[in-house]
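This report walks through one protein model, from overall make-up to single residues. Keep the structure open while reading.

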Amino acid sequence: MGNHVAEVVEGLPSAKTIKAHARMCSELLQLVTRVSKIFPEIEAARPRCSSGIEALCLLNNGILKAKSLLQHCSESSVLYLVLTGDAILSRCKKSRNLLEESLSQIQNMVPVMLAAKISGITADLKSAAFCLDPSEEEAGRVLRELLHRYSSTLDSTEEAALAAIHTVSSRLHISSQKALLIEKRSIRKLLDKFGESEPSKRKILLFFLNLLNKYGKVIAKEQKDNNGSSELENPIPFVNPYHSSGQVDDCRSNEARFDILTRPVPPEEFICPLSSRLMYDPVVIASGQTYEKTWIQKWFAEGHDICPKTNRKLDHLSFTSNTGMKDLIVKWCTTHRVSIPDPKIQEALIKSLETSTNSIASLSSSMNDLNLPLDFSNVSLGSNHGSDSSYTKISNEVRPSDEIDMVLLSKFNTLPWDSRCNAVEDVKRLLKHNDESLVIPSGKFFRLILRFLKDAHELRDTEAQMTGCLLLFEFVQKHGNSISYMKEDEYALLASFLDTEVSKQALSILEVLSFNKHCCYKIAASGALIGISNILDSQIQELLEPALKILSNLSSNDDISSFIVPSKFIPKLIPLLEDNTYSRYCITILKNLCDNQDARISIAETDGCIASIAKILEKDDHDDQEQAVAVLLSLCSQRIEYCQLVMDEGVIPGLVSVSINGNKKAKAMAMELLRILKDESDSRGRKYVADVRVDCTNQRKEKAPGLFGKFFSKPSGVAVKKKK
């Protein structure tokens, strides 16, 4: 794993190559680089307990996710990056939170010197504020409006398109021939990457490419005329605001930006040599050096008897409070309006994260307060950070049981989108790892999840859709009574996800719901069958089994027969009947549909269907044999002309085998079907193949002649009702 992370560090893009969202990506890049550099030390410390290994994997995953995001912002189309700005911002913050969470867990498992390094990085992760660049945010808004105009009945004149692309190219510095060429190449690379599997994204990219092809020369010419010289002689590249010299709007307010630039630097003697942070409770040890009490205690607890700073052996391990230093630090903090959190409280928050299982608040609060010993925790880092603080405030107010309803219902939907995503992610993680101990009121909380999914769908935030679906899946699994709260439009929402990137998660939810007979009709009415039909066409392996399970459960419900068109579904099942993974579900679906006359006609007239069913008779699975015999019996008992079709597929040996070796119900049905086939054969004046030689077992050969006498009379216990 260590070598893998080292490769990640080498593969990180340069800050200068980032095409959009440069401020937050550059900040994330610095943090990821720092985390990656200490990763080998963390591995060398060998936190080999199960929680330590899990935290290491979580950290590695966070580094890889951050790298993937940074590469995306370095290689992707600028237009596409600004269009998806909210999703990029959400991914950036989630990467930061993932790194912070994993490092916080690891901190108590490693030696104190390494823990001090981790503490500093965790503090910087906590204070990192990410937000969209105003110019890029405006460009994204213009592009969304333009896409909406073209996809709706609104007037989509060339003047509107030209004005929009002119504004966007100006904001994003895509106005030279070179910049336009680079952007076109980036769009084509994205088209190749997406392939045919993501048609909605391809449409957007092709739209952007057409705009640049159509209006690119006009934009370049205007830029050339304005500057009085060709842009090729003095090109404007994709400007990285971190490295540009012109005036660049910062995402923070002027007051916050001034605060950061003028942030006071504490005197060196106020800083703990171990934690590199302002000391809250300074103490003097035998060497005369001053340390933060919490950190030097950890140092001694590890068995060290030397001074961390001087490396000299100590005469004793006792220490005394440095009240004079503390007074000076307090005075300096008061003057510069800086507060220092108590390290003991921070450590308690870490422990609460590891052990708390009784409320949403305990996890959410811990996750947001995990800044450890740090000195500038109360310094404002910009307006966007307020979104996180408002989430923290709500989390701190939340209590178990019914109070969760009141707080979440009154405030959750008013939070900024990213804060809502973070809250949902935290609840999902907590719900996944805790069963009976977690107290969540079902009804109103269930409505919040569905509302979140609707908003994620409208915002086209794929990652939020994924998180929301996973949370809903965990919730539905553990709180089955909540199913009754779902409305028709919410089933339709889940059905709409079946043709998207979150189809697997949506199928998992629908599969759970399909086991409830009260939900089957709503699932069928939602349009989910269209998505399931498309999945059967696509033959995507990981989606086939859950799709077939849902169809199997739905087909067992008589109320939804009108929604399932046999001629549409049955031909799609034929190739799957011969696959052992899917044959059980397919034959069950056929058996369930056989009560419908149109289904029986479709089974009989679809090429290869009866032949595939006949092969199932030869398998060793008694349940599948029972279903196969039931389908054939339904055909032959309802329409005599189907008997010859069945016999033409050579089913007699298989039926004889089932009548001897099958389960009780299958035996009875097999004998009844053999009787029907014999009667039909006799009525046509044909010799019945009673002496058929079946290459099975000796027992079968010995018993067959005697058993055929039984086939000629109707067995007891099997009533076959003919339908008109």
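## Overall make-up

Of the 724 residues of the protein, 52% count as buried. The model is a predicted one. Its secondary structure comes to 34 helices and 3 strands.

## Nonpolar cores

The largest nonpolar core has 97 residues. Within this core, L513, L590 and I613 touch the most other members.

## Helices α25 and α27

Helix α25 covers residues 541–555, and helix α27 covers residues 583–593. The two pack with their axes 9 Å apart, at an angle of about 20°. How are they oriented to each other? Angles under 35 degrees count as roughly parallel, so α25 and α27 are roughly parallel to each other. Their crossing is left-handed.

On the α25 side, the contact uses E545, L548, K549, L551, S552 and S555. On the α27 side, these meet Y585, C586, T588, I589, N592 and L593. By class, the residues of this contact divide into 6 nonpolar, 4 polar and 2 charged.

## Helices α26 and α28

Helix α26 (residues 566–577) and helix α28 (residues 597–605) form another pair. Their axes come within 9 Å and cross at roughly 40°. At that angle, α26 and α28 are oblique to each other. The crossing of α26 past α28 is right-handed.

Which residues make the contact? From α26 come P566, S567 and I570. From α28 come D598, A599, S602 and I603. The class count for this contact is 4 nonpolar, 2 polar and 1 charged residues.

## A buried glutamate

E511 sits in helix α22, which spans residues 503–514. Is E511 buried or exposed? Its relative accessible area is 16%. The cut-off for buried is under 20%, so E511 is buried.

Now leave aside residues up to four places away in sequence. E511 then touches P546, K549, I550 and N553. One of these, K549, also belongs to the α25 side of the contact with α27.

## Two residues with positive phi

Most residues other than glycine have a negative phi. R460 has a positive value, with phi near 60°. Where is R460? This residue lies in the loop between α19 (442–459) and α20 (462–478). R460 has a relative accessible area of 61% and is therefore exposed, as the cut-off is over 50%.

Q539 also has a positive phi, near 60°, and is a residue other than glycine. Q539 lies in the loop between α24 (528–538) and α25. With a relative accessible area of 31%, Q539 is partly exposed.

## Recap

The two helix pairs can be set side by side. The α25 and α27 pair is roughly parallel, with a left-handed crossing. The α26 and α28 pair is oblique, with a right-handed crossing.

E511 is buried, Q539 is partly exposed, and R460 is exposed.

How values were computed:
Residues are numbered from 1 along each chain as its sequence is written. This is a predicted model: local features need pLDDT of at least 70, side-chain atom pairs count only at pLDDT 80 or more; totals for chains, interfaces and linings use all residues. Side-chain values use heavy atoms; hydrogens and water are left out. A nonpolar core is a set of buried Ala, Val, Leu, Ile, Met, Phe, Trp, Tyr and Cys residues joined through side-chain atoms within 4.5 Å. Buried means under 20% relative accessible area, exposed over 50%, partly exposed in between (1.4 Å probe, protein chains only). Axes are lines fitted to C-alpha atoms, for helices over the stretch in contact, and angles run from 0 to 180 degrees between N-to-C directions. Helices (H or I, at least four residues) and strands (E, at least two) are DSSP runs, numbered from the N terminus. Angles under 35 degrees count as roughly parallel, over 145 as roughly antiparallel, 65 to 115 as roughly perpendicular and the rest as oblique. A crossing is left-handed if the near helix is turned anticlockwise from the far one by less than a right angle, and right-handed if clockwise. Contact means heavy atoms within 4.5 Å. Ala, Val, Leu, Ile, Met, Phe, Trp, Tyr, Cys and Pro count as nonpolar, Asp, Glu, Lys and Arg as charged, and the others, Gly among them, as polar.
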